[in-house]
Amino acid sequence: MKLIRRISLFLILSGVMLGLGGYTALKAEQFFYPNRYKLKETPNYIAQQMPESVSVEEQVIEAAVGNIPVVTADTKYLIEEVNLTDGTIHELEENVPVMYIGLDRESLVNELESYDNNPPLSELERGFETIELTAFSKDRVVICKYYKPVKENEEEPGYYLMVADHFIVVYCGDMETLYINTDILLEDLDDALQAEVIQGKYLETEEEVYNFLESYSS
């Protein structure tokens, strides 16, 4: 009985030693010959795993394209609105426009150029000037829009002396908004001044207008 136990123990120990030896030999081989175990990472192996209908050149092109950053639905889309009149900048974050999803940098630039050439009416009403791409990555896109707002009822600077029914009238700089009527007849002015008024004599400041009125009013 003892003999049987000894034989069994010997066989178990032999099996354990054999297993450890094999494992150690495998690790040693992996250490000294690492490239042998990287075979599956080589282009030839990848090509063998691909369908025969796909050429190696197409596989390379697809792999290269896959490395080019493109806009995705998760890309952070930031817009900077620059007021060219006072220099202020307004920043806001919006959802990525559907038409921009999947575009790389060059394609997005082309889309922005098209937008710049044909901006929406709503943008023109805000004084839109131009647009440019200032930052691009798959995680973050920054677009800068420049505006020059037009103030409502903004008057052109200066004034114009003009003639209406032989009397001198004063218009604002837009030559459409009446500033003041006068009782000064055109014929009361000297010939040179008459010629200027007929053409529309420009006066830069309100003070010049009042000086003229004081000089020729009866």
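Predicted model: local features only at pLDDT ≥ 70, side-chain atom pairs only at ≥ 80, totals over all residues.
Two strands count as paired when DSSP finds at least two bridges between them.

Strand 3 (residues 128-136) and strand 4 (residues 140-147) run antiparallel and are joined by 7 bridges. One place to look is Glu 132, whose bridge partner in strand 4 is Cys 144.

Next, turn to the open sheet, where 4 strands are arranged in the order 7-6-5-8 with antiparallel pairing. Strand 7 (178-185) and strand 8 (201-203) each have a single partner strand because they stand at the edges, so one side of each has no neighbour in the sheet. From one strand to the next, the twist averages 30°. Within this sheet, strand 5 (residues 159-164) pairs with strand 6 (residues 167-172) through 6 bridges, again in the antiparallel sense. Here Met 162 sits opposite Val 169 of strand 6. Lying across strands 5, 6, 7 and 8 is helix 7 (residues 206-216), which runs at about 20° to strand 7.

Finally, have a look at Asn 83, a residue of strand 1 (residues 76-83). Is Asn 83 buried or exposed? Its relative accessibility is 17%, and since the cut-off for buried is under 20%, Asn 83 counts as buried. Leaving aside residues up to four places away in sequence, Asn 83 touches Thr 88, Tyr 147 and Pro 149. A polar atom of the Asn 83 side chain also lies 2.8 Å from the backbone nitrogen of Thr 85.

Methods:
Residues numbered from 1 in each chain as written. Heavy atoms only, no water. Helix = DSSP H or I, 4+ residues; strand = E, 2+ residues; numbered from the N terminus. Axes fitted to C-alpha atoms, helices over the stretch in contact; angles between N-to-C directions. Contact = heavy atoms within 4.5 Å. Buried < 20%, exposed > 50% of the residue type's maximum accessible area, 1.4 Å probe, protein only. Polar contact = N/O pair within 3.5 Å; in protein donor to acceptor, adjacent residues only side chain to side chain.
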